[in-house]
Amino acid sequence: MIELLPRLPWYKSYRSLGYPKRLPLSYTVSVTYRCNSRCASCRIYDKAPVTELTVAEYERIFKSVGHMPYWITISGGEPFLRRDIADICKTIYNYSKPAIINIPTNGILYKIIPQAVEKIAKTCAGSNIIINLSLDEIGEAHDKIRGVKGNYERTKQTYDALRLLKLPNLTLGIHTVISKFNVKRFPQIYDELIKWKPDSYITEVAEERI
Ligand code: SF4
């Protein structure tokens with residue numbers, strides 16, 4: 001965070017005066033609308049399929065954004081459904097070298113995600129890679145919210161495999177979306193998930209993705 005301090009006057013000046021022009025401190029790229037979960041609280045999958053940008057098209061965008069972003073989130077849909085996600089991250093790293101590349105995931109692709117994360121962490125060695133596994137309930141109750149049988153177990157498998165990687169620039173987090181489906185049980189959900197000993201635990205309030 002300390003490296004942010006010299007940039008703060010620029011950001012503040014641009015925000016209040018519109019000068020000097022500085023591009024965002026943080027932004028989110030939704031690389032796909034496809035998702036292999038069926039959360040009733042989100043429904044982004046209803047927007048798929050759409051034509052997704054290619055790595056070459058992203059390269060033009062990231063090149064124009066340059067080095068200002070400190071934190072870039074790669075979101076979806078489910079970002080690991082993109083088989084070229086490591087290439088997208090590499091392009092971001094080449095042009096922006098953000099301190100943090102944050103990727104939320106439902107964790108279902110337990111065979112693909114650890115391999116992809118290892119590749120991303122090694123390619124983007126100067127960035128902290130945050131993988132946030134999204135868990136809204138425990139066991140079958142989570143599967144019910146996500147509309148996918150076995151989702152909870154597969155996410156646990158992904159978590160365990162990522163833990164074994166022991167990559168120095170990997171932060172492994174858990175992320176709970178709070179909605180009408182789980183809000184009353186949130187203390188118990190937190191108590192159970194925190195036993196996994198994630199590096200971070202965050203929550204967000206459910207909203208329809210735009
Ligand atoms: S909340 Fe996440 S996992 Fe659920 S459908 Fe939306 S993008 Fe997919």
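I begin with a pair of strands: strand β1 (residues 26-30) and strand β2 (residues 71-75) run parallel and are joined by five bridges. Y27 faces I72 in β2. Between β1 and β2 the chain passes through helix α2 (residues 55-65), a right-handed β-α-β crossover, meaning that with the strands pointing away from the viewer, the path from the first strand over the helix to the second runs clockwise.

This is a predicted model, in which local features need pLDDT of at least 70, side-chain atom pairs count only at pLDDT 80 or more, and totals for chains, interfaces and linings use all residues. Residues are numbered from 1 along each chain as its sequence is written.

Helices (H or I, at least four residues) and strands (E, at least two) are DSSP runs, numbered from the N terminus; two strands pair if DSSP finds at least two bridges between them. The open sheet has six strands in the order β1-β2-β3-β4-β5-β6, with parallel pairing. Its edge strands are β1 and β6 (200-205), each pairing on one side only.

Now the helices. The axes of α3 (residues 85-96) and α4 (residues 112-123) come within 9 Å and cross at roughly 15 degrees; axes are lines fitted to C-alpha atoms, for helices over the stretch in contact, and angles run from 0 to 180 degrees between N-to-C directions. The two helices α3 and α4 are therefore roughly parallel to each other, the term for angles under 35 degrees.

How values were computed. Parallel < 35°, antiparallel > 145°, perpendicular 65-115°, else oblique.
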